[in-house]
Amino acid sequence: MKIQIRRDVLLQEVSGEAVLLSLGTGRYYGLNAVGTIAWKHFIDTGETQSACSEVVAHFAVSEEQAQRDIDAFAQELVASGLAEFV
Amino acid sequence: MPVSTVLSILRHTVDPASFVFCARLCSLSECLDVAVHHQVLGLVGPRLLETESDESNARKTLTSHLRYYASHALAMVAELTLLAKVFNSARVRWTSYKGPVLAKRLYGDFASRHSVDLDVLIHPDDLVQCWETLHTLGYEPLYKIDRRVHDLFCQNAYEAVWVHRQRRVTLDVHWAIAARSLPFGLSLASPELFSETIEIGGIEVPMLSPVANALALSIHGSKHGWQKLLWIADIARLVRNHPEADWSLLAANAKRVGALRMVQLGLRLAWGLFNIPPPNDPLLRTTDSTVHLLTLLALDPILARRTSPSFPMFLTCLPNNRLRRDALAQHFWRPTPLDLEAIPLPSRLQFTYPLIRMGRVAIKHVFHLEGRPWTRPRLADSPVPMSTDATS
């Protein structure tokens, strides 16, 4: 799936995790380490599939589970108005 | 030892090509203390967390600081983008000044330069419009300046503090970077302070150009005795990141406004502490013995964590005695916002302000009859609430 992070969402990384701010809504969100890696991958490539390879390289997780969780994470970002599927 | 450790990490942050030597024997809590004092915790904190230490309390404090810096920086950026929209629609000419925008430009990270306040620079002709705009946004001025002394306030002061109590923002509104009676009291009306824009969250936010920033930061650092490593790191990073900038313009502008020694001092400190040589311009590289002396005077308090004699150093930076007299007059005779708020005189009596000012200074310094030490009132910091965790 192709995903595009909204331009008005800012990320601030802290010790491998991150804080997000949506300038549009004024809401803050937190990302854990996996979410932060996935987020940064989405920004760089716009791809959810290849994000899986990146997290598998860093965490003890199977590819199948990683893909399921990354896809669910992407859905959650879109539902929260932080990103859009393109 | 902790200063050396912090400096070593900071050097690597400013120039990743430099080697980091971290003394493992150094106390993390002492390093934390030094980093906070020099306002560089945002820059060295992540690296400090990576060092081996069994000081669990210090680690918790450090992590907590960094998390707070991250949230606070985003909150300040949000406020800045709101101000950008409002100022633009009200046709207030402005630019962001220092703060998270400079942090993003220099270090790629909004939280790398933590400051409690948000700073903006407003064109001096748009001040009234700016005040009205801030009122509509819910800001209040920290000093309640009576309308009888408002014009005098705008002439003598060059910044005013506004606070937004609900959003917990302290906004420093500058209309010059130093006293306007001095030639380096530059404003957005000055050709030396040209700006460009940076895109933040889809919004164009104006900021000073690298050369204008180097000039403004040098003046600011020299006014305050270069007491903070952050100010020197900023100069080093500006020079390192912008080899393409027209640094000869910096030299020419600085010389024209009487700030050349300030710029030379900042560059020399950046060279000495961060190994970033000055740009290749004869004026910027040539220094006189006064600048050498000032460099030593600035370095010693930094490394020994003492207070530097900032005002005498600042006077020494000035190119001639006429400017020194003007700076002294500005410091000792011109009424401050506190003077104007406390004693708002009608225009026919405002000529007495120098006497009032000298009297207040005398009471404070000569007769030691000051009350409690004055500290500028500040809103208490409050962590920004975190809402949804976007991961499952």
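Mentor: We begin with helices, which are DSSP runs of H or I with at least four residues, while strands are runs of E with at least two, numbered from the N terminus. B:H220 is found in helix α8 (residues 210-223) of chain B. This is a predicted model, in which local features need pLDDT of at least 70 and side-chain atom pairs count only at pLDDT 80 or more, whereas totals for chains, interfaces and linings use all residues. Residues are numbered from 1 along each chain as written, chains are lettered from A and ligands numbered from 1 in the order written, and side-chain values use heavy atoms, without hydrogens and water.

Trainee: Does B:H220 count as buried or exposed?

Mentor: Buried means under 20% relative accessible area, exposed over 50%, and partly exposed in between, with a 1.4 Å probe and protein chains only. B:H220 has 12% relative accessibility and therefore counts as buried. Contact means heavy atoms within 4.5 Å; leaving aside neighbours within four places in sequence, B:H220 is in contact with B:K98 and B:W231.

Trainee: Which residues touch the most other members of the largest nonpolar core?

Mentor: A nonpolar core is a set of buried Ala, Val, Leu, Ile, Met, Phe, Trp, Tyr and Cys residues joined through side-chain atoms within 4.5 Å. The largest has 138 residues, and B:L134, B:F184 and B:F274 touch the most other members. Helix α4 (residues 56-89) of chain B gives the most to this core, with 16 residues. A second, separate core of 21 residues includes A:I5, A:A51, A:C52 and A:F73.

Trainee: At roughly what angle do the axes of α11(B) and α13(B) cross?

Mentor: Axes are lines fitted to C-alpha atoms, for helices over the stretch in contact, and angles run from 0 to 180 degrees between N-to-C directions. Helix α11 (residues 260-274) and helix α13 (residues 289-304) of chain B have axes that come within 9 Å and cross at roughly 55 degrees. Angles under 35 degrees count as roughly parallel, over 145 as roughly antiparallel, 65 to 115 as roughly perpendicular and the rest as oblique. The two helices, α11(B) and α13(B), are therefore oblique to each other. Among the residues making the contact are B:L265 and B:L269 of α11(B) and B:L294 and B:A298 of α13(B).

Trainee: How are α3(B) and α4(B) placed?

Mentor: The axes of helix α3 (residues 41-50) of chain B and α4(B) come within 10 Å and cross at roughly 140 degrees. That angle makes α3(B) oblique to α4(B).
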